[in-house]
Amino acid sequence: MKFTERLKAGTKVYSFEFYPPKTAEDTARLFNTALELKALSPDFVSVTNSSSGVTPYRTVALCGVLKAQFGLDVVAHLTCLAHTRAEIAEICDGLKKMDITNILALRGDAHNVASGALRRDYDHASQLIADLKQTGGFSIGGACYPEKHPEAASLEADISRVKEKVDAGAEYLITQLFFDNAFYFRFLEKAAAAGVSVPVLPGLMPITGYKQMQNFTKLMQVSVPAALRAGIERWDGDKDGMFKFSVEYASAQAQELLKGGAPGLHLYTLNRSRAAIAILKNVKAAL
Ligand code: FAD
């Protein structure tokens, strides 16, 4: 059964996110990670795509390898801000040739895009989703932001844009990472009230250091609860202590989400397996 059908049927879905590595050493590490995570039978893995528009085929190629060589079900991220419609059609052909029929359709962030390459045919993800739907043959997902997208004027305004993505053809949504489950549950409530009825997979990431927390929270504008901040400050510089704390925090977050009705979990792995394995084992043991 396809993971989108499992989502619709209410079966919990577990997935891992990777990014295309740049060096031979990083590639070897990612393949090792993929092998280790495959042992946990994920419903899918996803591969990010740079919004620069310069390297879309790195994502296509990695998706192909993960599917053909590792036997994983794969979702390709596809950003549109730096592409023309013709380029998007070409990338989609490449994905179909690799038998990749799942796309997470995204706008992408402008700060990675050379100004001449910006907004050539697309301003928003909903336009890409509409094109993919018209092309046919793809299961399409979209992104959402429990604390609102940083550019949106309000959560309500952002959710009305999310509704446009669902109306255009997004069958499920994956959230930006967050550290306070109250934001996820509030988002679900408001999205349902606005008519969004597709499954919303929560995206979780274990924080592995103080600097990393600062970078992510600044870039993505997500809140850090006092207990998480205190733990990260307490364990900064102690690798084992930080790992243990971080896995415990994310595992507790995951368990509460699943208990509260989340349709599964999407783990941002940063191409490493140790924390993802530990979290999923904790979660499955508590089910
Ligand atoms: P959109 O849905 O287009 O929304 C962007 C902003 O525009 C929002 O503020 C929205 O409210 C507003 N908006 C939407 N439609 C309209 C409209 N019609 N009129 C006016 N305003 C509108 N980035 C990458 O570069 N590569 C990746 O692989 C990647 N993967 C991601 C995976 C997940 C699960 C998530 C949550 C994000 C990911 N991102 C990735 C980041 C994403 O590209 C950025 O957050 C980007 O700024 C917004 O993308 P989007 O698809 O949500 O855009």
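How do the residues of the shell around the ligand divide into nonpolar, polar and charged?

1. The shell holds 8 nonpolar, 10 polar and 7 charged residues. Here Ala, Val, Leu, Ile, Met, Phe, Trp, Tyr, Cys and Pro count as nonpolar, Asp, Glu, Lys and Arg as charged, and the others, Gly among them, as polar.

2. This is a predicted model, in which local features need pLDDT of at least 70 and side-chain atom pairs pLDDT 80 or more, while totals for chains, interfaces and linings use all residues. Residues are numbered from 1 along each chain as its sequence is written, and side-chain values use heavy atoms, with hydrogens and water left out.

3. Of the 25 residues around the ligand, Asn49, Asp109, Tyr145, Asp158 and Lys165 come nearest. A residue is near a molecule if one of its heavy atoms lies within 4 Å of it.

4. Helix 6 (155-168) is among the elements that supply at least two shell residues, and gives the most, with 4. Helices are DSSP runs of H or I, at least four residues, and strands are runs of E, at least two, numbered from the N terminus.

5. A nitrogen atom of the ligand lies 3.3 Å from a polar side-chain atom of histidine 124. A polar backbone atom of alanine 125 is 2.9 Å from an oxygen atom of the ligand.

6. In the protein chain, 54% of the 287 residues count as buried, meaning under 20% relative accessible area (1.4 Å probe, protein chains only). The C-alpha trace spans about 50 × 45 × 40 Å along its principal axes.

Methods. Polar contact = N/O pair within 3.5 Å; in protein donor to acceptor, adjacent residues only side chain to side chain. Buried < 20%, exposed > 50% of the residue type's maximum accessible area, 1.4 Å probe, protein only.
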